[in-house]
Amino acid sequence: VNRAPDRALHADVVHKLRGVFRDYLKIESDSGVVAPDTRLREDLKIDSLALVDLVILVEEAFSVEIPSTFNADEVRTVGDVADLVVGLLGAPELGAAGA
Amino acid sequence: VREPSWETTDVLDDFFVVGRSRWPDLKKLDDIVLDRAKVPDDVVTFLKSTSLNEHGIVHYVRGYLENYGDDYKLGIWASIWGGEEYTHSVILRKCLRALGETVRRDEFDGLETGRYADGWRRYTRESKVSPLVSDRLWTLVYGVIQEYSAFVAYSTVAEACPDEPALAEILKRVAADEMRHCKFFELSLAAIVEHSTDEVRALVWPQFDKLFKKFDMPQEFIGLFGEREMGTDLYLKFWTPAWRSRMVVDLVHRFKPYRRFAKPVGEASVV
């Protein structure tokens with residue numbers, strides 16, 4: 001995961017991700033259920049099978065393509081997903097629009 | 001239904017020719033020297049299980065032929081595929097022999113007489129997202145996932161025997177065959193979907209999604225593998241998080257082109 005220093009971009013990505021996850025989980029109001037430190041597996045119940053959903057949601061929301069070197073074990077929280085997206089957006093060779 | 005892009009035998013011929021060239025050293029593998037002390041016990045059990053599994057090709061070819069129905073070209077593919085998978089059984093038994101290990105007669109008997117068809121038919125029926133998904137289409141989606149899983153299985157076990165590189169190399173070559181098979185299913189699926197209705201096209205992604213989330217490998221339908229603890233759980237022991245993630249990402253990318261016909265994630269599985 002590329003830890004990009006662009007905080008504004010990171011904040012925008014987190015904001016959009018919160019909406020993406022709320023829609024996916026069918027959570028109606030923003031009651032803090034989805035925050036940067038929200039854990040994917042334990043809190044959002046996104047297990048290895050639901051990884052398919054995570055990959056497609058992220059790719060379609062941000063027009064990025066997650067590389068096959070991606071390791072889900074290194075992406076444990078919503079903030080980690082944001083780091084991943086920011087890294088892909090900052091790396092055109094990996095982040096070519098795929099949607 | 002005639003499908004113009006599927007009328008050609010070019011793709012079949014290409015896969016047949018390449019497949020025939022993959023193991024020119026098959027006979028020489030009789031002379032391979034492997035050191036049992038350098039190969040973990042779980043890897044040996046895997047070799048026994050997969051040599052049996054690949055020997056079970058009669059069950060699997062029958063199941064595929066049944067699901068392909070009147071599609072003659074896919075019938076030819078089932079024959080080619082069966083031959084290649086049986087080659088793997090031969091290769092794996094040569095490796096076992098070099099390790100001083102064997103598959104027992106009663107294990108072969110358990111496989112050959114094992115019941116498969118009923119479980120396969122039930123799985124085909126119950127895991128469809130819609131009656132509009134034909135057995136043939138379902139099987140091609142299944143084939144992509146199954147062959148990719150086989151690719152991961154052999155690749156991960158190759159990584160689990162670093163001290164016996166000759167064996168690891170053979171397993172990587174088997175894995176490459178499985179990836180070729182995956183590609184064939186992918187191409188066949190694309191050719192058939194091209195001539196399907198929009199209604200059917202819209203079901204490809206949901207069918208992938210449903211099958212992936214409740215996937216049974218072929219050996220799940222034969223009692224022997226579960227009874228001898230040589231089934232999918234054994235294979236999964238070798239799967240690292242990195243390989244699991246790679247499989248998800250690669251499969252998503254293979255099926256993603258069909259997303260444009262489907263409903264949003266979360267609504268897709270319910271048809």
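Student: Which helices are included in what covers the buried residues of α10(B)?
Tutor: This is a predicted model, and the cover of these buried residues includes elements of chain A and of chain B. From chain B come α6 (117-126), α7 (135-159), α8 (165-194), α9 (198-201) and α13. From chain A, what covers them includes α2.

Student: How many of the 10 residues of helix α10 (residues 204-213) of chain B are buried?
Tutor: A residue is buried when its relative accessible area is under 20%. In α10(B) this applies to B:Val204, B:Trp205, B:Pro206, B:Gln207, B:Phe208, B:Asp209, B:Leu211 and B:Phe212. The helix is therefore largely enclosed by the rest of the structure, and the number of buried residues is eight.

Student: Are α7(B) and α10(B) parallel or oblique to each other?
Tutor: The axes of α7(B) and α10(B) come within 10 Å and cross at roughly 55°. Angles under 35 degrees would count as roughly parallel, and 65 to 115 as roughly perpendicular. The two helices are therefore oblique.

Student: How many nonpolar residues has the contact of α7(B) with α10(B)?
Tutor: On the side of α7(B), the contact is made by B:Leu137, B:Trp138, B:Val141, B:Tyr142 and B:Ile145. α10(B) contributes B:Val204, B:Gln207, B:Phe208, B:Leu211 and B:Phe212. By class, there are no charged residues, one polar residue and, as the number requested, nine nonpolar residues.

Student: Is the crossing of α2(A) and α13(B) left-handed or right-handed?
Tutor: Helix α2 (residues 51-62) of chain A and helix α13 (residues 241-255) of chain B have axes that come within 10 Å and cross at roughly 55°. They are therefore oblique to each other. The handedness of their crossing is right-handed.

Student: How many charged residues has the contact of α2(A) with α13(B)?
Tutor: In α2(A), A:Leu51, A:Val52, A:Val55, A:Ile56 and A:Glu59 take part, meeting B:Ser245, B:Val248, B:Val249, B:Val252 and B:His253 in α13(B). By class, seven residues of this contact are nonpolar and two are polar, and the number that are charged is one.

Student: Is A:Thr77 buried or exposed?
Tutor: A:Thr77 lies in the loop between α2 and α3 (78-89) of chain A. Its relative accessible area is 17%, and the cut-off for a buried residue is under 20%. A:Thr77 is therefore buried.

Student: The backbone oxygen of which residue does the side chain of A:Thr77 reach at 3.4 Å?
Tutor: Not counting residues up to four places away in sequence, A:Thr77 touches A:Pro36, A:Asp37, A:Thr38, A:Arg39 and A:Leu40. The backbone oxygen that its side chain reaches at 3.4 Å belongs to A:Pro36.

Conventions:
Residues numbered from 1 in each chain as written. Chains lettered and ligands numbered in written order. Predicted model: local features only at pLDDT ≥ 70, side-chain atom pairs only at ≥ 80, totals over all residues. Heavy atoms only, no water. Axes fitted to C-alpha atoms, helices over the stretch in contact; angles between N-to-C directions. Helix = DSSP H or I, 4+ residues; strand = E, 2+ residues; numbered from the N terminus. Parallel < 35°, antiparallel > 145°, perpendicular 65-115°, else oblique. Left-handed = near helix turned anticlockwise from the far one by under 90°. Contact = heavy atoms within 4.5 Å. Nonpolar A, V, L, I, M, F, W, Y, C, P; charged D, E, K, R; others polar. Buried < 20%, exposed > 50% of the residue type's maximum accessible area, 1.4 Å probe, protein only. Polar contact = N/O pair within 3.5 Å; in protein donor to acceptor, adjacent residues only side chain to side chain.
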